[in-house]
Amino acid sequence: MDLGLRQIPAFTKESPAIGWLQDQLQQGMKIVLVAKSHGLAERVVEILDAEQVPVVLTEVLGKPASEHITCVVGNLESGFVLQDQQLIVLTEAEFFGVSGSYASPKERKLARRRGQQVDPLALKSGDYVVHEIHGIGRFKELIQRQNRNQVREYLLIEYSPPKRGYPADTLFVPTDQLDFLSRYVGAEAPVLSKMGGTDWARVKGNARKAVRKIAIDLVKLYSARMKSKGYAFRADTQWQKELEEGFIHQETPDQMTTIDEVKRDMEKQIPMDRLLAGDVGYGKTEVAVRAAFKAIQDGKQVAMLVPTTLLVRQHTETFEERYGGFPIKIAALSRFQSAKESKKVLADLESGALDMVIGTHRLLSQGVKFRDLGLVIIDEEQRFGVEHKEKLKELKTNVDVLAMSATPIPRTLEMAVTGIREMSTLATPPEERHPILTFIGGYSEKQVAAAIRRELIREGQVFFVHNRVATIEKTAADIAKLVPEARVAIAHGQMPEALLEKVVVDFWEGKFDVLVSTTIIETGIDIPNANTLIVDRAENFGLSQLHQIRGRVGRSKERAYAYFFYDPSKPLTETAHDRLATIATNNELGSGMQVAMKDLEIRGAGNLLGGEQSGHIAGVGFDLYLRMIAEAVNEFRGEEISSPAELKLELPVDARIPVEYVDSERLRLEAYHKLSAESSAKSSREKLNEILSELEDRYGKAPKSVLQLIEVTSLRQQANRLGLKDVNLLGAMAKLSPVELSEKEVVELSHKLKGVRYLHSSKLLTIPVPISSGTEPKSDDEVIDWLWQLFAIVFGTKNGKAEITN
């Protein structure tokens, strides 16, 4: 049944909608233009007014008139022409020549965070850990031990035997000392340290020496940047708000924070140098879109540097789509441009006719001159070599820089680089993304054919990864026989570059259904329509490689499938089995942190600090190594170093997270780790209350032992502020050390506390522990209250105990 509805013609920047609308008005058509927000409606009216096209913006749509265009705010996916009624209805997206639909500000809510970010202490039995004092050990289990009627939880760590033939040494680490521990990331199988030996001290010493040199360089770099004067951009304009309202997705909380951080940096006089890290498809490009727009609003030019010619095309399309309706000129510069086009781009950059250029390392060559460069954006920063970085330094002088990288970087790297180079992390996946369904099994032609056909039915495309160039053509021919209806193409690194790029572009444009390729697809290809991945001989790939390859699919709202096939005729090695098991279990969004931790962290660190450091990283583990850099940098900057608290706090108090309350060992460890991280002198009681609220939110009302654990952590904060290393209330005498007291102060204390003793040589203060009645010890609450009072009397501190609101 034909309703007489016809499609709106497709408009572009070259053939805009305005001329067509003027013709339709002259022919007596009634035109309604629907915009999804007030900002966009006002922008449409502004453009039509400038072209002297009659237009009226109305709040309530009545009967459309034929004398002028009626603009209204509303929600419409696409427009139509109804010739019989002489009516045209079109959306602002069609008017601007932009595909896709915008979300209205009312609908735009923050995408919720999905669970916790990856915890470095998600340990399982057999994992290697680094203890700052005792060295590299192997985590065995989380166990409970009874001490003076009190149950406490400990991590059991195994160390190297003292002599050959002897049993392994073990160390019990209390859960309140987790700050001393970090997950070991470095060599495949490190040598376990000997407890009490000198080897660990020597390895640590060598790493510290290497670290000092890096720290000096980093501090010099930081000082130079702080002294240089850049350009302070103005606050956001009305157009900036309109652009941001036109974002088709919902921003994640991380995106909002990062966008604010970038804008704040740009508005300062000091040149911005910010690194933006986030897993594939987490919205880094939108941050770049907004930053570039802000720079262009102030009359500055923007250069975006990307590693591949294909990415130049993809980014150019994205930016042109987002800037539709704004008078902004964007051009690409790569091998895809002819000599004549390139010459025009270079001339326009120098004259200032061009606002933004997106290009490969061609941008760094001689002869590229800008009239007034204000911002450099570097995509996939880790892909550029040393010589490119040197050229970049020349380009970057006094210019704001935003570098983006999909390499997951752990939180300790943020600490190390904080202040030297600002860093933002996008860790929340976009709301409409789904985890990739991962299948692992022996290669079967029947399954391969079924997987390809399933994707073809939903009009999608397939990546087939076969990593041997010698047999890739035979594999492609086999697939063409298996699924005759599929259009199959081949891509590998030994093809001429122009041909390889043509094949990939054709696949991107949908001219092929299946791309049989080597691992060259591992990085930088964003094909939202390809949502099935098949990997042949998956047992021969590295873990981070498998993760990167899997990241090529699942980049749209469609559910993605990944099939990792191994050779069923050969038994799997233990390592290959572990790798495939890991990739199968870590299929959650953003799991790059877990999967690629070892590989990517070392590559990330090598990239930041230079390859010669990797030996030291293997010696002490990545986490501790970066903590050393942070300490050395702070030392050179004259700042106080906050190393983990070396405090031994022993109280006869039941302070723990019972198994009945949180039954998962991993989640208990996570909670202990959070509390341990907040036990330093700089932490506050509010932070502890926040952790308690979070626990109660997740697991229900906290039992007494958890409330007491919060209290004991608060006492630990206070003991750290007072510089204490040992607080022991387990015997008949309470022991505090080190305590600095003059003879006069000791006499004053003896009047306030009966039986007090003080040893000047060891700075040890002992006080009899009061008991309630008879021989019964005080209750846990009374012990905690008594210790607060003791701190107040000895050190003159206020009683820091605060009520916990349940």
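A: The lining of the largest cavity divides into 8 nonpolar, 5 polar and 6 charged residues; here Ala, Val, Leu, Ile, Met, Phe, Trp, Tyr, Cys and Pro count as nonpolar, Asp, Glu, Lys and Arg as charged, and the others, Gly among them, as polar. That lining holds 19 residues, and nearest the centre sit Arg152, Asp176, Ala655, Leu709 and Val712. Two or more lining residues come from each of strand S9 (150-159), strand S25 (648-650), helix H21 (665-677) and helix H23 (704-721). H23 gives the largest share, 4 residues. (Helices, H or I with at least four residues, and strands, E with at least two, are DSSP runs numbered from the N terminus.)

The space in there is about 240 Å³, and the count is 8 cavities of 30 Å³ or more. A cavity is a set of points, on a 1 Å grid over the protein atoms alone, where a 1.4 Å probe fits but cannot get out; lining residues have an atom within 4 Å of a point. Points are joined across faces, edges and corners, and the volume is the space filled by probe spheres set on them.

Some housekeeping: this is a predicted model, so local features need pLDDT of at least 70 and side-chain atom pairs count only at pLDDT 80 or more, while totals for chains, interfaces and linings use all residues. Residues are numbered from 1 along each chain as its sequence is written, and side-chain values use heavy atoms, with hydrogens and water left out.

Key:
1 Å grid on protein atoms, 1.4 Å probe; cavity = no way out; pocket = protein on both sides within 12 Å on 5 of 7 lines; lining within 4 Å.
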